[in-house]
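Please look over the sequence and the model shown here before reading on.

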Amino acid sequence: MSPSREDRINETLFYNLEGTLTESATRGRPAHIDRFHVRDAALALLEELGFEEVSTAQIAAAVGISRSSLARFYPTKQQIVWEGLDDISWRLSAQLEQLPRQGSVSARLKAAIEAALTLPESELGVLRTRLRLVRDNPGLQVKRAYGRDPLARVVGAFIAATSRTAYTEGELSCLAALVATAVDTALIEWSGSDETQPVRHVDDCLGFILPIL
């Protein structure tokens, strides 16, 4: 008889996350919870068993903490995936603030995006996992629609502040969405490739968009 869904989850929790992760489960609430430890364990579980197949209660059990403790870091499963992707927009905002004011809007934006996406090796695997989860679960892409994409907001604000062209609000929204979508598409493509850094994929996609700015 094939194992049930619950048996598969329990087996994965035992073999992949048993030991240091579950030790605190028998001793009450741990004195200290490592956010990165929680993130890595949760992402591994979501990727192996499927985003829709795993509950927050199962993630908390895997890490050996309570659901309330997990909620302090990640109120929802979606936030576990989105957190790192939102970080990209924050890094882009910081890079844009540091750029010299010389040069075209497109060149400065391209340089800032490249810098924001040049990540330390330790974070590349985590980003790949998050991107693959987004790729394989359309429901995770909803947050990035209807103008709620933080990357598009950063790009739009930069274009509005630096471009000599007087774009209408609608034109500005479209341009920002195009750039953000190009970056998202490139990152998804990179997540399934063997290349170490995502910059080449991003440059290829932006090459079609940035010349119009």
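Which residues in α2 meet which residues in α5? In this predicted model, Arg35, Ala42, Leu43 and Leu46 are the residues of α2 that take part, and they meet Lys77, Ile80 and Glu83 in α5. Sorted by class, this contact of α2 with α5 holds four nonpolar and three charged residues, with no polar ones.

**Geometry of the helix pair**
- Two packed helices are described by the angle between their axes together with the distance between those axes.
- For helix α2, which covers residues 35-49, and helix α5, which covers residues 77-98, the packing angle is about 110° and the axes lie 10 Å apart.
- Because angles of 65 to 115 degrees count as roughly perpendicular, α2 and α5 are roughly perpendicular to each other.
- The handedness of the crossing between α2 and α5 is left-handed.

**Overall fold**
- The protein contains ten helices and zero strands, and its pattern, when read along the sequence, is α-α-α-α-α-α-α-α-α-α.
- When the contacts between residues at least 6 apart in sequence are considered, 70% of them join residues at least 24 apart.

**Burial and surface**
- The protein has 213 residues, of which 44% count as buried.

Key
Residues numbered from 1 in each chain as written. Predicted model: local features only at pLDDT ≥ 70, side-chain atom pairs only at ≥ 80, totals over all residues. Heavy atoms only, no water. Helix = DSSP H or I, 4+ residues; strand = E, 2+ residues; numbered from the N terminus. Buried < 20%, exposed > 50% of the residue type's maximum accessible area, 1.4 Å probe, protein only. Contact = heavy atoms within 4.5 Å. Axes fitted to C-alpha atoms, helices over the stretch in contact; angles between N-to-C directions. Parallel < 35°, antiparallel > 145°, perpendicular 65-115°, else oblique. Left-handed = near helix turned anticlockwise from the far one by under 90°. Nonpolar A, V, L, I, M, F, W, Y, C, P; charged D, E, K, R; others polar.
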